[in-house]
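Here are my notes for you on this one. Have a look at the picture first, then go through the points in order.

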Amino acid sequence: MAFINALRQRLLSRTFSSHAGPSRWASPGHQDRPNGYLFNRTPPPPGQSRKWEDWELPCYVTSFLTIVILGVGLNAKPDLTIETWAHQKALEKLAAESSSSSSD
């Protein structure tokens with residue numbers, strides 16, 4: 001019981017401590033407050049377009065191709081559900097019964 005209480009005190013003292021030192025879990029960042037822009041990026045001057053960064057084109061192309069491949073692949077996969085299999089077996093059984101009853 002003493003071990004659990006000591007562990008609880010140690011965790012609470014680390015979690016809810018009010019020391020003013022630097023945190024080991026988060027950095028203070030570079031700005032005091034957010035500046036109100038998306039991702040803290042200021043818009044370009046009027047008449048100029050935003051320059052794409054190096055990672056944007058490969059990321060957008062890869063995302064588009066992934067959506068296309070998944071869309072085509074998931075729509076073209078075979079139907080292997082148990083309900084479809086049971087339905088086909090029931091139709092085969094009905095066809096066999098009807099052919100055997102018509103031949104009698």
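**Notes on the model**

1. Let's begin with E56, as there is a lot to say about this residue. E56 sits in helix α2 and is buried, with 4% relative accessibility. Buried here means under 20% relative accessible area, exposed means over 50%, and partly exposed is in between (1.4 Å probe, protein chains only). The side chains of E56 and R50 are joined by a polar contact of 3.0 Å. That term stands for a pair of N or O atoms within 3.5 Å; within protein, one must be able to donate a hydrogen and the other to accept it, and residues adjacent in sequence count only if both atoms are side-chain atoms.

2. Before going on, keep in mind that this is a predicted model: local features need pLDDT of at least 70, side-chain atom pairs count only at pLDDT 80 or more, and totals for chains, interfaces and linings use all residues. Residues are numbered from 1 along each chain as its sequence is written, and side-chain values use heavy atoms, with hydrogens and water left out.

3. How confident is the predictor? The pLDDT, its confidence in each residue from 0 to 100, averages 84 for the chain, and 79% of the residues score at least 70. Confidence is highest in α2, at a mean of 96, and lowest in α1, at 76. I'd keep that in mind when you look at α1.

4. Now the overall layout. The chain has three helices and zero strands, so you read it as α-α-α along the sequence. Helices (H or I, at least four residues) and strands (E, at least two) are DSSP runs, numbered from the N terminus. Of the 104 residues, 1% count as buried.

5. Side chains of opposite charge can pair when their charged atoms come close. R50 and E56 form a salt bridge, with their closest N and O atoms 3.0 Å apart. To count, a side-chain nitrogen of Lys or Arg must be within 4 Å of a carboxyl oxygen of Asp or Glu. While E56 is buried, R50 is partly exposed at 37% relative accessibility.

6. How many salt bridges does the whole structure have? The search finds three. Another one links R41 and E53, at 3.3 Å from N to O. Both R41 and E53 lie in the loop between α1 (2–15) and α2, so this pair ties together parts that are twelve residues apart in sequence. R41 is partly exposed at 37%, and E53 is partly exposed at 36%.

7. There is also a salt bridge between K89 and E92, at 3.7 Å from N to O. These two are three residues apart in helix α3 (residues 82–103), so about one helical turn separates them. K89 is partly exposed at 40%, and so is E92, at 48%.

8. E53 turns up again beside W55: their side chains make a polar contact of 2.9 Å. W55 is in the loop between α1 and α2 and is partly exposed, at 48% relative accessibility.

9. L57, for one, is found in helix α2 (residues 56–76).

10. Which two residues form the aromatic pair? The whole structure has one such pair, and it is W52 with Y60, edge-to-face, 5.5 Å centre to centre and 80° between the planes. Rings of Phe, Tyr and Trp (its six-membered ring) pair if their centres lie within 6.5 Å; planes under 30 degrees apart count as stacked, over 60 as edge-to-face and the rest as tilted. W52 is partly exposed at 45%, and Y60 is partly exposed at 42%.

Methods
pLDDT is the predictor's confidence in each residue, from 0 to 100.
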